[in-house]
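Have a look at it first, and then read on.

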Amino acid sequence: MALPWIILLTPLLSAAFIVLFTQRMRDFSAMVSVAACVISFIATCLLLGKPNGMYVTAYHWLDVAPNFSISIGFTIDQLSKTMLFVVTGIGALIHIYSLGYMEDDAGKSRYFAGLSIFMFSMIGIVFANNFVMMFLFWELVGVSSYILIGHWFDKPAPPAAANKAFITNRIGDFGFMLGILMLWIGTGSVYFDKIKGAMPAFAAHPCYLAAATVLVFCGAVGKSAQFPLHVWLPDAMEGPTPVSALIHAATMVAAGVYMLSRVFFLVAASPGAQGVIAFIGTTTAVGAALIAIQQNDIKRILAYSTLSQLGYMVCSVGIAADSAAMYHLFTHAFFKALLFLGSGAVIYGTHHEQDIWKMGGLKNRLPSTFMTFLVGTLALTGCPFFSGFFSKDSIITAALEGGHSMIFALLLGTAFLTSFYMFRLMVVVFGGHTRSAHARDGHQPPPVMTIPLLILAVPSIFAGYHFLAGRFLTLPAEEHINFGVMGLSVFVFFAGAGLAWFLYNGKDSDPVQIPLLAGRFYIDQFYQTLIALTQDFAASLAATFDRWILDGAIVRGMSGAAWVTGFVLRFLQLGNLQAYAFLFGAGSVALIYYFLFK
Amino acid sequence: MELTLDDYLLVSGLLFAIGFAGVLLRRNIIIIFMCLEMMLNAANLSLVAFSRFNVQNGLPNYNGQMLVFFIITVAAAEVAVGLAVIVALYRSRQTTHVEDISSLKF
């Protein structure tokens, strides 16, 4: 079983090599990283043809207790092979794209080392056959995300965004860790297969199971940026655009959904946890779509659309349709990577302009970018015969068939909003006339950037078709195709697109002003205030304790008491010898009186 | 008339009281020193008296008398040191009156 090792370790070796030896040789570093990723991808393609040997323990690592041993193992099944294909395939394309996008960047070596270490961590998550290994790589992914978001650390915003992402994920990961511990206490193992085997006995404690599952889900809430921990993802767009495409759209944020699919047996056994997961997923889907319709930064719109689509996937897990979730993850990875890389091409072509109202008319200046972006948009919004159409429909249909009419209605509404905000973006960025000097001398990016776009456009169209997707995934069965639902989603697609065209065509500024949505429901401000208040309160409490109890009462109190005692007693120092003798005699008499006559 | 323990103790107490009064009231440091010696000898007297009147198996208890020898020895040493201090004091201050020696105070 050398293939999994090659897939996992090549990116790590590349990162180590770049950091240790080729920091100065920027172009060479880039080539090393790209080569490593391509090797991983080729090995993955070879692995696709191999049989599913589940749960291979490859390296025995730690024996903490008789019933707590940790190993580095490889899960090789349909799920992990598909995810690997997505991660390494899209990763390879984005590595190549980065060659163009980061061409003149001073930190190119650091950037590519970061990408490589990210690939290593992400592949580790996909391969994990136990919770501890998954958690380990889960954290590594967080670190590499931190490094890459903060790549341009000399500007103020990226480091702040990197911190925010890391700290917000910390909250979710804490829950994840508690969940792992609860599962270990409950079943005596951290291995997925053993936990699965212990499920019949374990399911007898529904409350405990639900609590453990929800805590494990907390990890997914952090990593997949679900409400209420979604705030880090839009800010993470401060990183370079290929990073946004790779980490914050196609792969890392999908890790939460992948993890939920991996431990779906837990979710399936716990209706309580399902309710929570479905609720969070639906809330995120709707809320993020609402926010997206009022954003003006091209990458933030895409970020919120990512949130919304992740909401779909999480909700799908919550309504026990895990195959639909993975289906959507699979298609979404392609078209969202395409959209982000497209937005990167636009940003590159307009000299790092990100405000959509300063673009306009780019259809003629960046024709191939426009075409591929259009494909991505159509796939995302669920245009018939594009990949997103099939996968999104399978989730919406699952909601209807599961009897969750409320979720069904909300998801359908979200599909309408998705169509609306994406066509708003299309119309404003590519349609109309140019609105700034940057847009006027917009130019087509080099082929190293456009070719990955063209390649990604292919799966964005076809990845949804059953004959293709069925090779990678266990799809929802054919009889679940519901033509009524399909008709409805085609209707909302056209309604959203039409409304966007009607409202935004030819406009130079936003005709719709909804401060609540433009302000993103003021959740950031709320957190800011909340944290400021709690922190101020805790700080003032600590300061009071320090100033009055520690400094005042204990330190100054003791020295003060000694000083006062000394001050009083020194009045007895009269300097007169006979007074001392008198006091001494009087004291003796008093003592004698006390001991003899009292 | 047979002398009793009370008589000796009375004399010893008187000697101690006179000595203590001298320490408290006299101004000349040499006199104070002599009064201190008197107090020591008052203690010696009572120790000897106790020894003499504590007869066991026809013999007095000599422990008290042993202690008296110690006190005499220590008193002799103390006199040597004390007089030397007083001489040194007189040399530096040209006085032996305790009111004039009161600089050790707050």
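## Before we start

This is a predicted model, in which local features need pLDDT of at least 70, side-chain atom pairs count only at pLDDT 80 or more, and totals for chains, interfaces and linings use all residues. Residues are numbered from 1 along each chain as its sequence is written, while chains are lettered from A and ligands numbered from 1 in the order in which they are written.

## Chain B overall

Along its sequence, chain B reads α-α-β-β-α, giving three helices and two strands. Here helices (H or I, at least four residues) and strands (E, at least two) are DSSP runs, numbered from the N terminus. The C-alpha atoms of chain B fill a box of roughly 55 × 25 × 25 Å along the principal axes.

## A look at B:Ala43

B:Ala43 sits in helix 2 (residues 29-53) of chain B. The C-alpha atoms of B:Ala43 and B:Ile71 are 9.1 Å apart, although 28 residues separate them along the chain.

## Where the chains touch

Ten residues from chain B and eleven residues from chain A form the contact, which requires C-beta atoms, placed from the backbone, within 7 Å.

## After helix 6 of chain A

Just after helix 6 of chain A, A:Gly188 has a positive phi of about 80 degrees.

Conventions. Two residues are in contact if their C-beta atoms, placed from the backbone, lie within 7 Å.
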